Every structure is written in structure tokens, then in C-alpha cells.
Amino acid sequence: MSVDRAFYNAAERNRFGLLEILFWLCPIAAFFLFPTSLSFATHVLIMALFAMSLGLILSFAGIVTLGHAAFFGLGAYVTALLSLAGYQEPITATFLGGAAAAVLALIIGPLLLRLTGLPLMMVTLALGAVMFEAANKLGWITGGENGLGDLRYQPVLGIFRWSIYGQTAYFYTLAWLFALFLLTRSLVASPFGLALQGIRENPLRMNLIGAPVTGHLVRVYTISAFIAGIAGALSAQATGFVGLDVLSVDLSINALVMLVLGGVGNIYGGLVGGALYIVLRNLASDWNPYHWMFVIGAFLVVVVLLGQNGVIGIVERLTSLISGKRKETSP
Amino acid sequence: MTEPALVVRSLCKNYGGFAVTRNVDLELPRGARHALIGPNGAGKTTLVGLISGAIAANSGTIELFGRDITTISAAQRVKQGLVRTFQVNSLFPRLSVFQNIFLACSEARGISQRMLGRTSGQKPIIGQVEAILELLGLSADAGRPVATIAYGRQRLVELGIALALEPRVLLLDEPAAGVPSVEVPLLINAIDRLGEDITILLIEHDMQIVQRFARTMTVLAEGQVIASGAPDVVMASEQVRSVYLGKSGHQRFESGKAHA
């Protein structure tokens with residue numbers, strides 16, 4: 001009998017399950033079902049990626065931050081500035097956007113991550129606000145309120161041109177999302193991933209078993225910042241525009257809402273929550289452009305009341321209920 | 001190879017004007033089975049905190065196998081083989097028993113930095129964890145979250161984490177505190193089975209456990225050492241009896257000796 005790998009590390013899965021395969025077929029189905037909404041669908045993927053990056057540090061290492069947009073925004077601006085400077089190879093430009101965010105995390109991480117809880121939230125909130133204002137004031141670099149527009153990139157791999165229908169942007173984003181998902185998935189299943197869970201559960205005790213707690217946290221924070229920076233870079237490439245909103249405090253807070261909606265405690269939380277939040281917001285604002293927050297708020301209340309773990313928690317409980325009933329009926 | 005495992009000299013700790021630890025001297029030879037007793041508030045747990053590095057001393061020195069460790073961090077002391085358990089469980093509540101011990105093993109072996117490779121693929125560590133679970137009789141609970149098992153068994157997990165850190169000197173802070181009396185023998189047997197290569201300092205209130213375990217002992221009162229030596233000699237001391245035990249305590253000690 002093969003032992004369930006979750007025995008060793010709750011984040012480990014034996015193989016791609018049916019639900020996982022179905023989940024990843026959704027974005028491919030969306031491509032064929034909504035060919036005229038691809039730029040919106042790309043935005044959904046980007047937000048899912050951003051929420052996943054926050055989920056990596058929140059769900060697994062217990063880092064609660066209100067400033068994650070700093071990394072998203074930095075990635076976006078770096079990629080945009082590279083394009084304006086004439087560097088337009090898309091894959092390396094995306095990578096450099098992520099790398100810039102990672103470097104920022106590596107610098108501020110060792111200072112920030114000595115804090116936890118409320119102080120950490122306040123400091124990250126302040127840092128996010130400072131980044132936003134700095135971008136606003138440094139108009140000669142960032143374009144200030146006007147942003148940086150008309151960004152151009154070479155065809156992906158020299159083959160796929162960026163079309164106005166957004167097919168290239170969509171699959172390009174999906175490819176990054178899937179690759180970074182695989183990276184995250186294997187990261188949380190590693191001994192390092194388990195050590196992070198130990199820190200989340202009891203940082204003091206981790207320190208007393210000899211673990212370099214701050215070192216572990218800086219490492220995962222840097223990886224998370226890299227992913228957030230990639231998400232920002234992709235948004236610059238997909239829309240051809242970067243505005244101040246990529247650094248807004250709203251974006252940081254929305255990412256948290258996405259995670260709560262999707263469910264913390266699982267790498268799919270950010271993906272499901274991010275996608276759901278954006279789609280819901282779009283539907284709600286179509287329905288009523290003034291009161292769409294009401295719909296999101298109501299939905300959030302329902303999800304929090306129904307399941308301890310977001311939409312994923314509700315789905316898990318439903319599936320265990322169904323499989324439980326099946327066991328009862330077939331002895 | 002004859003230097004003692006642990007030497008504490010003139011250790012002092014004040015909180016403001018309040019002296020919690022006053023000029024404490026302690027010497028544990030290798031393989032010692034030393035008990036530290038004293039009334040509530042005597043500063044026993046503070047002393048363990050000072051030795052383990054969780055609390056910084058005001059003055060005095062601590063040596064581990066001849067090396068001065070007074071100024072190094074708690075984490076570094078663990079790496080040098082100085083390991084403690086906690087009087088109140090300090091575990092990873094939502095992780096399983098297996099994972100709790102795995103975390104300690106992987107830190108001790110330096111694999112916690114590994115980002116590549118699955119947790120389930122770490123065969124040597126998994127073997128080590130399973131051996132500890134076996135030793136402590138925890139194998140049946142391996143997959144259960146620590147928060148869901150009985151308190152007495154959580155104490156065993158606490159001990160298991162300490163053992164996973166490959167201790168050379170082990171500080172046990174009231175390992176039997178809160179353990180139902182039926183489960184105490186399990187714990188004591190586990191401690192009895194530890195090898196002579198591990199030097200142990202035990203803090204305990206239960207005189208029967210002390211009597212069974214200790215070859216030497218120290219009595220602490222109001223932050224000072226008031227007696228130290230062989231249990232029979234120490235317990236016979238008038239000062240110890242008046243400060244700490246009272247008459248009933250001594251009777252319990254004598255009855256414990258009869259049972260041992």
C-alpha cells in the first residue's frame with residue numbers, strides 16, 4: 001500500500017488529481033468560449049497569479065502583509081521602462097520585472113520580517129503607500145498620473161505577435177501562471193515548505209529548535225515577491241500600459257480579499273479566489289456600476305460564514321459529504 | 001575528555017531590582033542524571049531559560065563541554081547539542097505528530113533549506129523520525145494533528161522534538177507536568193531509555209520521579225543554590241527540609257525510595 005504523501009507534508013499531493021486537471025482545463029476552455037473577452041480573461045489570470053504569490057507567504061508562512069502591491073507595481077514599471085528604453089524581448093523583460101521585485105524583497109525582508117501580526121501589517125501598509133507616492137512624484141520616470149503608455153514588445157519566441165485580440169497575451173500569461181504554479185506547488189511540498197508551516201504554527205519554537213526563522217521567511221518572501229513582480233510585468237505587457245494603480249493600497253487589500261474568498265491553506269486558494277473576485281466584480285459592476293462592492297461584500301460574508309476555508313473549503317466539504325454518502329450506501 | 005558536560009558559574013539574573021537568579025553554580029559531568037528542585041518561584045524555569053539561551057544573563061558564565069556559550073543565541077546552542085523541553089507544551093498544533101518531529105530532525109540535519117525534492121522523499125530523516133516515534137510509543141498517533149491528541153501524549157511529542165535535535169545535554173523542564181498519572185510511567189520509561197551519552201538536567205516537583213531518576217541533585221530557593229549533592233545527603237539536610245519540603249514532602253521522598 002502506498003502511503004498518502006500528505007502524511008509527510010499536508011501540501012504534498014500524490015499526483016495531479018482529477019479536480020486539478022479539470023481546474024487547469026478551465027482557462028483553456030475560456031479561450032474558446034469567450035474569444036472576444038480575452039483581454040479581460042488575461043486580467044483574471046494575472047490577478048490569480050498575484051493572489052497566489054500572496055497566498056504562498058500568507059497561507060504557508062503566516063506572513064500577513066498589506067503592501068504586496070509594491071512588488072506587483074515594481075515589476076510592472078521595470079518591464080515598462082525596459083520597453084521604453086528599447087529592450088522589448090518579452091520573456092526576459094518579464095523575468096527582469098520579477099527579479100527587480102525579488103531584489104527589493106531581499107533588501108527590505110530582513111528588516112520587515114522581524115515583525116509579525118499587526119506591526120507587520122502597519123509597516124507594510126506604510127511602505128506600500130510610500131511606494132505609491134514616490135511613483136506619483138517621480139513623474140519623469142513613471143509618467144506620474146498619466147502612467148506609461150504605448151508599450152511595445154517583440155513577438156514571443158520571435159513567432160507569436162501581440163495582436164489586438166489578445167490571443168498571444170492570454171497564452172503567454174497562462175504559460176507563466178502554470179510554470180509559477182508548478183514552482184510554488186513543489187516548493188510547498190519540500191522540507192523547506194514544511195519548515196515554513198512550522199514557522200506559521202509556532203515561530204518561537206522553530207527558533208528554539210535551531211531554525212533560521214528570519215532567513216527562511218526572507219527566502220519565501222523573495223520568491224513571493226518575484227512571482228508578484230512577474231504578475232505586474234505581465235499586466236504591463238498585456239495592456240501595453242502601466243498606471244499608478246499597480247502600486248495602490250487597494251490592490252494589496254484586494255489580494256487579501258481574494259485569498260479569503262478562495263481559501264487560505266491551499267495553493268489553489270489564490271488562483272480560485274483571484275479569478276472569482278475579478279469575474280464577480282466585473283459581473284457586479286455590469287449589473288450596477290455604483291453598488292458592485294455590495295455584491296462582493298455580501299458574497300464574502302456568505303463564504304466566510306459557510307466555510308472556514310473559503311470557496312475551496314466549501315467544495316472540500318461538499319465532496320467529502322458526497323463521498324461519505326456513497327460509502328454509506330455501498331457497504 | 002574529562003571536562004564536564006555543562007558548567008554554570010556565578011550566574012545572575014535580575015528583573016530591575018528583583019534578583020531571580022543569584023550566583024548560581026552548577027556542574028554536570030558527562031552522563032549525569034541531575035535533578036533540580038525547589039519551591040514555586042525558586043527560579044528553576046528561569047535557570048533553564050538562562051542555560052538554554054532564551055533569557056540573557058546579567059552576569060556569570062555557561063560552558064558546554066569546555067566551550068563558553070554565554071553569549072551565543074538559543075538557536076546556536078541547540079546546534080551545539082544543548083536542548084530543552086518546555087514546561088508548557090510548545091508544539092506545532094495543526095501539524096501532525098510525525099511532522100512535528102520531522103521539523104526538528106530536518107533542522108538538526110540541515111535539510112530544512114531544501115526547496116527541491118519532496119518531504120516524502122527524505123528517506124534517512126523519515127527513518128530517524130520513525131525510530132523516535134517508536135521509542136516514545138507514538139507510532140499509532142503519527143498522522144494525527146498534535147492539537148487533537150491527549151495532553152500526556154503531547155508531552156511525549158515535546159520530548160520527541162528534543163530527542164530529534166540530537167542532544168548532548170538535555171534540559172527537561174517538568175516533563176510530567178499535566179500528565180495524567182496513568183501516563184507518567186510511559187514518560188519516565190522513555191527518559192530511562194535514553195543513552196548514557198546524553199547528560200540530563202531534570203526539573204521536577206514529583207519527588208517519586210526525582211527519587212527514581214536522579215543520581216545527583218540541586219535544591220534552589222529564592223534564586224540561590226541551598227544544597228547540592230547526592231539525593232540522600234541533600235534530602236537529609238535540615239535547611240532543605242525547612243525551606244522546601246516540610247515534613248510531608250520528606251515522607252513522600254522516603255516512600256518513593258521504598259518503591260524504587
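Me: How many residues of chain A are in contact with residues of chain B?
Reply: The model is a predicted one, in which local features need pLDDT of at least 70 and side-chain atom pairs count only at pLDDT 80 or more, while totals for chains, interfaces and linings use all residues. Residues are numbered from 1 along each chain as its sequence is written, and chains are lettered from A and ligands numbered from 1 in the order in which they are written. Two residues are in contact if their C-beta atoms, placed from the backbone, lie within 7 Å. On that basis, the 32 residues of chain B at this interface meet a set of chain A residues that numbers 23.

Me: Which helix of chain B gives the largest share of the side that touches chain A?
Reply: Of the 32 chain B residues in contact with chain A, at least two come from helix 2 (74–79) and at least two from helix 3 (97–108) of chain B. The largest share, 7 residues, belongs to helix 3 of chain B.

Me: How many charged residues does the side of chain B that touches chain A have?
Reply: Here Ala, Val, Leu, Ile, Met, Phe, Trp, Tyr, Cys and Pro count as nonpolar, Asp, Glu, Lys and Arg as charged, and the others, Gly among them, as polar. The 32 chain B residues in contact with 23 of chain A divide into 17 nonpolar, 10 polar and, for the charged class, 5.

Me: What is the radius of gyration of chain A?
Reply: Helices (H or I, at least four residues) and strands (E, at least two) are DSSP runs numbered from the N terminus, and chain A has 14 helices and 0 strands. The globule rule, 2.2 Å times the number of residues to the power 0.38, is set beside a radius taken over C-alpha atoms. For 331 residues the rule gives 20 Å, and chain A is close to it, so chain A is as compact as a globular protein of that length, with a radius of gyration of 20 Å.

Me: How many residues of helix 3 of chain A are buried?
Reply: The expected span of a helix is 1.5 Å times one less than its number of residues. For the 16 residues of helix 3 (residues 69–84) of chain A this comes to 22 Å, which agrees with end C-alpha atoms 22 Å apart. A residue is buried if 20 or more other C-beta atoms, placed from the backbone, lie within 10 Å of its own, exposed if 12 or fewer, and partly exposed in between. By this cut-off helix 3 of chain A is mostly covered, the buried count among its 16 residues being 15.

Me: In strand 9 of chain B, which residue is the bridge partner of Ala35(B)?
Reply: 5 of the 5 residues of strand 3 (residues 33–37) of chain B are buried, so this strand is largely enclosed by the rest of the structure. Strand 3 of chain B runs parallel to strand 8 (residues 199–203), with 4 bridges, and His34(B) has Leu201(B) as its partner there. Strand 3 is also joined in the parallel sense over 4 bridges to strand 9 (residues 216–221) of chain B, where the partner of Ala35(B) is Met217(B).

Methods. Two strands pair if DSSP finds at least two bridges between them.
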